[in-house]
Amino acid sequence: MVTKIIGKSLIGRNVVSDRGTVIGKLIDLSIETLAGKVMMLIVKPDKSIDTKYFRLNERGEILIPFAAVKAVKDVLIINEGGIPRA
Amino acid sequence: MVSRLTKMSGLEVFTEGGKHVGVLEDVSIDPETGKVLGIILSKLDSDFSKKIGAEGKKGVIVPYKAIKSIGDIVLLRDLIYEPPKKS
């Protein structure tokens, strides 16, 4: 069964790695409009994490490829091995 | 082209024929693959909602394959603007 989620309902959810690290809160999604695919999660980093280990955009927000997403429910679980390191 | 959900939300939606249809409110996503399944339109033009039989509805979901392009506006393929055939 194909489950559907509404884009805006994801915004504000916590983003957590599969090793239990709280990464931050989802603030936006980057979408490739031709193919209709979510490319990146744009995450506002949690105060407790060191952002130098992550790929950041010009506003200091963490970019996580959608391919690294393991599960989407009350929180978004990210496969830590799939996060590009800066 | 790469856009952001927060930037896409609020874009005006037109058909290829230049008719105004409504406003892009949100997108529907398959959480397994990240594929955008459809877009959710709101503030539907009364003319459009009459033709697709969605009068009085707050919004409709348009499948992603009906989208021609997304830029400063959203352009829909005209095929979805055909009135439903009476059987």
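Visitor: How much area is buried between chain B and chain A, and what share of that area do carbon and sulfur atoms give?

Guide: The size of an interface is often given as the accessible area lost when the parts come together. Buried area here is the accessible area, taken with a 1.4 Å probe, that two parts lose on being put together, summed over both. In this predicted model, chain B and chain A bury about 2200 Å² between them, and carbon and sulfur atoms give 57% of that area. B:Arg4, B:Ile29 and B:Pro31 supply 28% of the area that chain B buries against chain A, more than any other three residues.

Visitor: How many residues of chain B are in contact with chain A?

Guide: Contact means heavy atoms within 4.5 Å. By that rule, 23 residues of chain B are in contact with 26 residues of chain A. A polar contact is a pair of N or O atoms within 3.5 Å; within protein, one must be able to donate a hydrogen and the other to accept it, and residues adjacent in sequence count only if both atoms are side-chain atoms. Between chain B and chain A, 18 residue pairs are in polar contact, both residues being at pLDDT 80 or more.

Visitor: Which elements of chain B each supply at least two residues of the side that touches chain A?

Guide: Helices (H or I, at least four residues) and strands (E, at least two) are DSSP runs, numbered from the N terminus. Strand E1 (2-4), helix H1 (5-8), E3 and E4 of chain B each supply at least two residues of that side. The largest share, five residues, comes from E3(B).

Visitor: How do strands pair across the two chains and within chain B?

Guide: Two strands pair if DSSP finds at least two bridges between them. Between the chains, strand E3 (residues 22-32) of chain A is joined to E1(B) by three bridges, and these strands run antiparallel. A:Glu32 stands opposite B:Val2 in E1(B). Within chain B, strand E3 (residues 20-29) and E4(B) pair in the antiparallel sense over six bridges, with B:Ser42 in E4(B) as the bridge partner of B:Val23. E4(B) also pairs with strand E5 (residues 59-63) of chain B, in the antiparallel sense, over five bridges. There, B:Ile61 in E5(B) is the bridge partner of B:Ile40.

Visitor: Is strand E4 of chain B mostly covered or mostly uncovered?

Guide: Buried means under 20% relative accessible area, exposed over 50%, and partly exposed in between (1.4 Å probe, protein chains only). Strand E4 (residues 36-42) of chain B is mostly covered, with six of its seven residues buried. In chain A, A:Ser30 is found in strand E3 and counts as buried at 10% relative accessibility. Among the residues that A:Ser30 touches, not counting those up to four places away in sequence, are A:Val38, B:Val2 and B:Arg4.

Visitor: How many salt bridges does the rule find across the interface of chain B and chain A?

Guide: Side chains of opposite charge can pair when their charged atoms come close. A salt bridge is a side-chain nitrogen of Lys or Arg within 4 Å of a carboxyl oxygen of Asp or Glu. Three salt bridges are found across the interface of chain B and chain A. In one of them, A:Glu61 and B:Arg4 have their closest N and O atoms 3.4 Å apart. The side chains of A:Asp28 and B:Arg4 also meet in a salt bridge, at 3.5 Å from N to O. A:Asp28 lies in strand E3 of chain A and B:Arg4 in strand E1 of chain B, so the pair joins two chains. Both A:Asp28 and B:Arg4 are buried.

Visitor: Which parts of chain B does the salt bridge of B:Glu16 and B:Lys68 tie together?

Guide: The closest N and O atoms of B:Glu16 and B:Lys68 are 3.0 Å apart. B:Glu16 lies in the loop between strand E2 (12-15) and E3 of chain B and B:Lys68 in strand E6 (residues 67-70) of chain B, so the pair ties together parts that are 52 residues apart in sequence. B:Glu16 is partly exposed, with a relative accessible area of 39%, and B:Lys68 is partly exposed at 40%.

Definitions and conventions:
Residues numbered from 1 in each chain as written. Chains lettered and ligands numbered in written order. Predicted model: local features only at pLDDT ≥ 70, side-chain atom pairs only at ≥ 80, totals over all residues. Heavy atoms only, no water.
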